[in-house]
Amino acid sequence: MTRVAAVDCGTNSIRLLVADADPATGELVDLDRRMTIVRLGQGVDRTGRLAPEALQRTFAACREYAGIIKEHGAERLRFVATSASRDAENRDEFVRGVLDILGVEPEVISGDQEAEFSFIGATKELAGRDHLAKPYLVVDIGGGSTEFVVGEDRVRAARSVDVGCVRMTERHLVRDGVVSDPPTEEQIAAMRADIEAALDLAEETVPLREARTLVGLAGSVTTVSAIAQELPEYDSEVIHHSRVSHEKVREITEWLLRSTHAERAAVPSMHPGRVDVIGAGALVLLSIMERIGAEEVVVSEHDILDGIGWSLA
């Protein structure tokens, strides 16, 4: 057993996993798993820079995580940063802040590396489940980007495209600094066109339509599952490996895109930090399912964070 700590800092959230990893059994036993919405990617698509207030929110979460990591006595720590910090001109400021707080330099990984971690995290425990046909298409819908990975026991092809719930919301649904509530048909159509163009790009290198099982990761997908199951609160155990039909995803996406902020916020399983961006995230998922003809999505709570953990073991 190796006690590892993995931090995944994305565009919308920062997450921590402290776990005991046993490479002999393929088991990763959680000791602490948590997520904080920090919206690090606030305005990056428009300005090309990380906003000062976004950096402060992220550093505050890092200080909290540093205490948890020390408390559990993790032997190894890896901090991975993804889309927003890849795109930002002032990412050196971000790197210095994390290094000061956690004692490790954040690795600003490529989209391909991000895709590989996601695939390992999502599929390692699916081995031996004969009812899930291969190849898998693992789709990680983040805040700033979406990763597409096709593979059986290992990655065969991967691509990251700049379509995520925060980026799509800021690019298409914000007017005069305020998110449209609800968006207009024209805004939704423009967002859909952007997503379809990104899918075209992904298909240039990843055989999306060869997939036999679609595995969906990250907050947009897990939240759709929670809504589909009408959960009284967010429950990771119930959401993990749940299945949501194409028809249900379509129904939920349409509701999210015509609902008001207050209506979405009233959903008991909805994290407050997702209220404004969940419609865009759900539309990305729906568009993918329509593109590949998927009848359902298998929802996984295990993703890039678990992949990072395994890389330490």
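This is a predicted model: local features need pLDDT of at least 70, side-chain atom pairs count only at pLDDT 80 or more; totals for chains, interfaces and linings use all residues.
Me: What does the secondary structure come to?
Reply: There are 13 helices and 13 strands in the protein. The radius of gyration is 18 Å, close to the 20 Å from the globule rule for 313 residues, so the protein is as compact as a globular protein of that length.

Me: And what box do the C-alpha atoms fill?
Reply: Roughly 50 × 50 × 40 Å, taken along the principal axes.

Me: What percentage of the residues is buried?
Reply: Buried residues account for 55% of the 313 in the protein.

Me: Switching to charges, how many positive and negative side chains are there?
Reply: The protein carries 34 positive and 54 negative side chains. The centres of those two sets lie 2 Å apart.

Me: Now helix α12, how many residues does it have and what distance does it reach?
Reply: Helix α12 covers residues 278-292, which is 15 residues. From first C-alpha to last it reaches 22 Å, close to the 21 Å expected at 1.5 Å a residue.

Me: Why is α12 described as largely enclosed?
Reply: Because 14 of its 15 residues are buried, α12 is largely enclosed by the rest of the structure.

Me: What comes just after α12?
Reply: That's G293, which takes a positive phi of about 70°.

Definitions and conventions: Residues are numbered from 1 along each chain as its sequence is written. Side-chain values use heavy atoms; hydrogens and water are left out. Helices (H or I, at least four residues) and strands (E, at least two) are DSSP runs, numbered from the N terminus. The radius of gyration is taken over C-alpha atoms; the globule rule is 2.2 Å times the number of residues to the power 0.38. Buried means under 20% relative accessible area, exposed over 50%, partly exposed in between (1.4 Å probe, protein chains only). Lys and Arg count as positive and Asp and Glu as negative; His and the chain ends are not counted. The place of a charge is taken as NZ of Lys, CZ of Arg, CG of Asp or CD of Glu. The expected span of a helix is 1.5 Å times one less than its number of residues.
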